[in-house]
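Colleague: Before I use this model, I would like to go through it with you, one point at a time. Could you take my questions in order and end each reply on the value or name I ask for?

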Amino acid sequence: MGVLVLQAGVLAEFNPLGPNQSVPVFTVWFGQWRLAVSNHMFMVGLAAMLLLIAVPLAAKPRVMIPRGLQNLVETICVFLREEVGRPILREHVDHYIGFVWTVFFFVLSLNLLAMIPLEKIITLLTGKENHFGGPATANIWVTGGLATVTFFAASISGIRQQGFWHYLANLAPRAPWWIMPLLYMTEIITLFVRPLTLAVRLFANIVAGHILVATFVGLILVFKSYSVATASVLAVVAVSFLELLVAFIQAFIFTLLSALYIGFSILPEH
Amino acid sequence: MVFMSGSMLAATGTSTSGLVALAVALGCAASLLAAAMGIGWIGSRAVESIARQPEAGSRIFTTMVIAGALIEGVTFFSLLICFLVLYWLK
């Protein structure tokens with residue numbers, strides 16, 4: 001019992017939430033206004049730059065039988081348009097597919113960049129302690145921002161498609177008059193809660209995966225033995241493979257649900 | 001294991017923090033139980049339906065993965081609420 005309390009004390013020193021946290025890396029001054037760029041913001045910028053370079057590079061060949069990077073990007077785009085977009089959005093799929101593709105590639109690249117321990121690679125190469133890496137989607141504000149974009153995309157496209165009053169009227173199905181206020185209130189709450197669940201789902205999945213990896217690595221610090229280190233490294237490898245799967249699945253779920261919410265807005269479901 | 005850690009906190013901290021830890025652990029355990037049952041049910045029905053109609057296998061597999069991810073999302077909501085309880089009632 002005493003040994004367990006001692007080990008609990010040592011375990012309390014290594015914080016598994018540490019690698020997920022957002023820390024400022026540099027500050028940009030606009031005159032007297034200060035913008036503190038955190039490591040998550042840096043990762044978002046890095047993912048955006050990577051996509052802005054890689055996707056036009058993939059679209060450059062434009063051959064009928066795609067090979068290489070064009071084949072990879074085109075397969076994903078065709079899958080998203082035919083299997084995800086067309087059953088949900090039907091005839092409007094080509095209008096909204098740009099948004100769907102952007103969301104998928106952005107969330108996927110953020111999730112995959114989180115698996116690369118950039119700050120530790122930079123520390124290995126330069127010898128300086130830094131924070132230029134981290135899981136960007138492990139930040140509720142990043143996923144909240146993505147969900148807000150989905151909310152506005154769905155609402156604005158619904159209002160543009162149906163007109164403002166028709167959009168609001170089609171939120172609730174036909175029902176007896178005495179239940180309409182309750183039903184309408186539920187639909188309004190649903191309208192705001194759905195993007196919130198998008199944000200929380202993505203955030204919690206990525207955070208849980210990274211906390212698991214950090215906990216397994218922390219076990220090496222607690223026990224300080226070679227056998228535990230071997231088992232821990234093997235467990236971290238296995239959990240990292242699971243996390244790669246979760247990265248793909250969560251990006252796909254985010255995209256599917258975004259397309260679904262846009263579909264609910266533009267094609268009245270009731 | 002979770003009961004031991006809860007009672008350990010009760011021995012070292014104030015009298016309420018042990019109860020909070022126990023509540024958090026029980027909440028996590030209950031939601032994990034529900035999620036495991038739900039995903040297991042979906043998995044078994046998916047395997048049954050693929051056995052009935054093998055040519056629909058890939059569509060059924062995609063649907064199963066989507067439903068599994070959605071159930072996991074609900075589980076993570078409860079995990080987040082447990083974390084919030086743990087860090088608010090400090």
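Colleague: What percentage of the residues of chain B count as buried?

Modeller: This is a predicted model, and a residue of it is called buried if 20 or more other C-beta atoms lie within 10 Å of its own. Chain B has 3 helices and 0 strands, following the pattern α-α-α along the sequence. Of its 90 residues, the share that counts as buried is 11%.

Colleague: Which helix of chain B has the lowest confidence?

Modeller: Chain B averages a pLDDT of 83, and 81% of its residues score at least 70. Confidence in chain B is highest in helix H2 (residues 15-52) of chain B, at a mean of 91, while the lowest mean, 51, belongs to residues 2-12, which form helix H1 of chain B.

Colleague: What ipTM does the predictor give the complex?

Modeller: The predictor reports two scores for the complex, of which the pTM is 0.85.

Colleague: Is B:Gly18 buried, partly exposed or exposed?

Modeller: B:Gly18 lies in helix H2 of chain B, and its C-alpha atom is separated by 27 Å from that of B:Ala36, 18 residues apart along the chain. A residue needs 20 or more neighbours to be buried and 12 or fewer to be exposed. Because B:Gly18 has 18 C-beta neighbours inside 10 Å, it counts as partly exposed.

Colleague: How are helix H2 and helix H3 of chain A oriented to each other?

Modeller: Two packed helices are described by the angle between their axes and the distance between the axes. Helix H2 (residues 39-59) of chain A packs against helix H3 (residues 68-89) of chain A with the axes 8 Å apart and at an angle of about 105°. Since angles of 65 to 115 degrees fall into one class, H2(A) and H3(A) are roughly perpendicular.

Colleague: How many nonpolar residues has the contact of H2(A) with H3(A)?

Modeller: On the side of H2(A) the contact is made by A:Val55, A:Leu57, A:Ala58 and A:Ala59, and on the side of H3(A) by A:Leu69, A:Gln70 and A:Val73. By class, the contact has no charged residues and 1 polar residue, and the number of nonpolar residues is 6.

Colleague: Where in chain A is A:Lys224 found, and where is A:Arg62 found?

Modeller: Most residues other than glycine have a negative phi. A:Arg62, however, has a positive phi of about 55° although it is not a glycine, and the phi of A:Lys224 is likewise positive, near 55°. A:Arg62 counts as exposed because it has 7 C-beta neighbours inside 10 Å, and A:Lys224 counts as exposed with 10 such neighbours. A:Lys224 is in the loop between helix H8 (180-223) and helix H9 (226-266) of chain A, and A:Arg62 is in the loop between H2 and H3 of chain A.

Colleague: Which residue in the turn between E1(A) and E2(A) has a positive phi?

Modeller: Strand E1 (residues 24-30) of chain A runs antiparallel to E2(A), and 6 bridges join the two strands. A:Phe30 stands opposite A:Trp33 in E2(A), whereas strand E2 (residues 33-38) of chain A is hardly covered, with a count of 0 buried residues among its 6. E1(A) and E2(A) form a hairpin with 2 residues between them, and the residue in the turn with a positive phi, of about 70°, is A:Gly31.

Methods: Residues numbered from 1 in each chain as written. Chains lettered and ligands numbered in written order. Predicted model: local features only at pLDDT ≥ 70, side-chain atom pairs only at ≥ 80, totals over all residues. pLDDT = per-residue confidence, 0-100. Helix = DSSP H or I, 4+ residues; strand = E, 2+ residues; numbered from the N terminus. Axes fitted to C-alpha atoms, helices over the stretch in contact; angles between N-to-C directions. Parallel < 35°, antiparallel > 145°, perpendicular 65-115°, else oblique. Contact = placed C-beta atoms within 7 Å. Nonpolar A, V, L, I, M, F, W, Y, C, P; charged D, E, K, R; others polar. Pairing = 2+ DSSP bridges.
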